[in-house]
Amino acid sequence: MITEPHATRSSAAGSADASHDVVTAADWSRTQWVAYADTILAGAQAWASPGHGRITPPGAEGGYGRAVDGLEGFARTFLLAGFRIAGERGQGLDDLIEFYLQGITTGVDPDAADRWVRLDEHSQAKVEAASIALILDLTRPWIWDRLDVLTQRRVIDYFSPVVGDTTYPQTNWVWFRLVVQTFLRSVGGPWSADDIAADLARHDSFGRADGWMSDGDERSFDHYVGWALHLYPVLWSRMQGADELANGRTAADLAGLDRFLLDAVALIGADGSPLLQGRSLIYRFAAAAPFWVGVLAEVPSLSAGALRHAANRVVAHFADRAVPNSEGLLTLGWHEEWPTLAQSYSGPGSPYWAVKGLLGVLLPADHPVWSAPAEPLPVETRDSLRAVRAAGWIVSGTTSDGIVRVINHGTDHAQENTLVGDSPLYARIGYSTVTSPLLDAEAWEFPLEQSVAIVDAAGKATHRAALRLLEARVQDDAHGIVGIAASSSDAHWLAADTTGPRHGSGLTGTVTVAGPLTVHSLVRGPWELRLARLESLEQGLDPATLRLRIGGWPVTGPAPETRATLGEARVTSGDLQSGIRSVLGAASATVSLRPDATPLTGVTAVPSIDYPVVVGEWIAAVIELTGARATAALDATAPLDCTVDLVTDGERWTATIGWPDGDSTTSILTDHRIAVTAER
């Protein structure tokens, strides 16, 4: 199985000069990084309580109440303050040190009006305690050692409920217990060797192929892989006494990080945008954190200059789009404020986990990373295809427009064999660095964009979670270079329960199964040839009352231009064009418009095509997402000229595809009765 990047034999965008070896934007100096960090700190500190124990930026109260909001604001900005203090070795930051010294003293004072919510009062305090403990360890000479004895005892008492607490969710949360207990051990507080061993073992159980990790037992592959599951092992290993607890595990942790980063750098768009996929996107440039962690760990496969540049592109993407805002604040949103993007519990202090992406200011001015030559992102140098086996993704990056696309057949944030609703953040077939899935209320109940769904007479669409991964690979042989991924699912309608908490997973409710559906994606440059077949239909369902719908890429803008003909639909907005055209089967096309349905500003337009439901017959559509330069090279008005020839020997199907740029590929499809599990 090929997982390394491959340049396509001819430019997928038809551009003769698609490859280049220069970095498109100058990296920030350390002085600029520090200035950006200080802007964020100053903006937040302005909203501190009188005793500095809580920082509560303006905004609606979070789902856990104002006291938790204030603790989040303190703990998450304390992360950044700690990076700054350690990076300067405590020099010249007396005011910052004093501010947080006072805040800690107040936070653990049981009689203070702005004290911290305790770990045994609200579970969110367990998250924030880890940030506080991590920075108390990192800044030990300048913070912890300067606290009076009473305050030190109170800090230990504040952290102590962590010991033996079995209520921590078995996800990245295991690191919150690990970090706090490691600090407690270093200062003579209570701790449990059994707890630490159990948490390390649980973390190891999240491991999947090629350095990827799932955030728990569900198929949860998202930014938490980088900004939590790879970040904490490295930062923890640097804590006082951690080497005694690690028992030789650190080398394996670093090897996994090193391999993961090879995929992670390929998921950044040329404009620096991270992938708009997964929960907690309000943490924005926290997506830069794993690259700084790679610098700290001195991983062998990517240079310090390449890692710094990747982090820089991500953070600068948001800085260039007025993040933080004019008041110096991080809001609930992506570029602009858009509270719908947040989870139900998030408050105005929540977005400050973004500061993990500024971890680089921890590195002093004399660290070699600041003088290392920058190296460009993969998408800045070549067209490439990658297979991320663990997540069931095909990653396609094109230099002509700088877009990175992910075609997803293995991630749904669901347990295997459990039929639930599709989370728009996880279970769509396609995600990219320039598009957002629909995230309005309708999107959680009725999949549209980047889906293959059976639609009933009332217009209700089926879901595909929990899906079954069939394959995710890159074919590179005499028959052509193409990314191939496939999945099967029990397509089902959902009468959703919309009253429960929203933490990123799909909705639950009453399920009605339609039938098993198989979907194959063959990917090349900006195109995907999507094949689908309904294997059977549940008794009592009349195919004449149903339709099979394929949804394309959603494009958001002030006023998207749309057009639809019998079998093809296109959307154009600014630099972007999304298109879909039937290649196999009679179809009708349409474009759906949804205002304010994504964190990207404007109206979102989704092209889609409908087919009649015929059990056992293949349908196929070519789906395109291109940017300005690619569109100009191809001719935006020409039809998506693509062909597919499907033949079978009675056991296997072979697909020969004539792509829009004139190239052709021939691929054998994996049988739908085979599920991939061993290599994940």
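**Entry 1: helices 11 and 12**

I began with a contact between two helices, where Leu-254, Leu-257, Phe-260, Leu-261 and Ala-264 in helix 11 meet Pro-290, Phe-291, Val-293, Gly-294 and Ala-297 in helix 12; contact here means heavy atoms within 4.5 Å.

The model is predicted, and local features need pLDDT of at least 70, side-chain atom pairs count only at pLDDT 80 or more, while totals for chains, interfaces and linings use all residues. Residues are numbered from 1 along each chain as its sequence is written, and side-chain values use heavy atoms, with hydrogens and water left out.

I reminded myself that two packed helices are described by the angle between their axes and the distance between the axes. The axes of helix 11 (residues 250–264) and helix 12 (residues 289–297) come within 10 Å and cross at roughly 135 degrees, which makes helix 11 oblique to helix 12. For the terms, I wrote down that helices (H or I, at least four residues) and strands (E, at least two) are DSSP runs numbered from the N terminus, and that axes are lines fitted to C-alpha atoms, for helices over the stretch in contact, with angles from 0 to 180 degrees between N-to-C directions. Angles under 35 degrees count as roughly parallel, over 145 as roughly antiparallel, 65 to 115 as roughly perpendicular and the rest as oblique.

**Entry 2: helices 4 and 6**

I then looked up helix 4 (residues 124–138) and helix 6 (residues 174–186), which pack at an angle of about 40 degrees with their axes 8 Å apart; helix 4 is therefore oblique to helix 6. On the side of helix 6, Phe-176, Val-179, Val-180 and Phe-183 take part in the contact, and among their partners in helix 4 are Lys-126 and Asp-137. The classes here are ten nonpolar, no polar and two charged residues.

**Entry 3: a salt bridge**

Which residue forms a salt bridge with Arg-76? I found that Glu-128 does, with the closest N and O atoms 2.9 Å apart (a salt bridge is a side-chain nitrogen of Lys or Arg within 4 Å of a carboxyl oxygen of Asp or Glu). The pair links distant parts of the chain, since Arg-76 is in helix 2 (residues 66–87) and Glu-128 in helix 4, 52 residues apart. A search of the whole structure finds 42 salt bridges.

I traced an open sheet of eight strands in the order 6-7-8-9-17-14-13-12, with antiparallel pairing; two strands pair if DSSP finds at least two bridges between them. Strand 6 (468–477) and strand 12 (561–564) stand at the edges, each with a single partner strand, so one side of each has no neighbour in the sheet. The twist averages 20 degrees from one strand to the next.

I found another open sheet, of three strands in the order 18-19-20, also antiparallel. Six bridges join strand 18 to strand 19 (residues 653–658), and Val-647 stands opposite Thr-654 in strand 19.

**Entry 4: backbone details**

I noted that most residues other than glycine have a negative phi, and most peptide bonds are trans. A cis peptide bond joins Val-323 and Pro-324, with omega about 0 degrees, and Pro-324 is found in the loop between helix 13 (304–319) and strand 1 (384–388). Phi of His-52 is near 65 degrees, a positive value.

Note on methods
Nonpolar A, V, L, I, M, F, W, Y, C, P; charged D, E, K, R; others polar.
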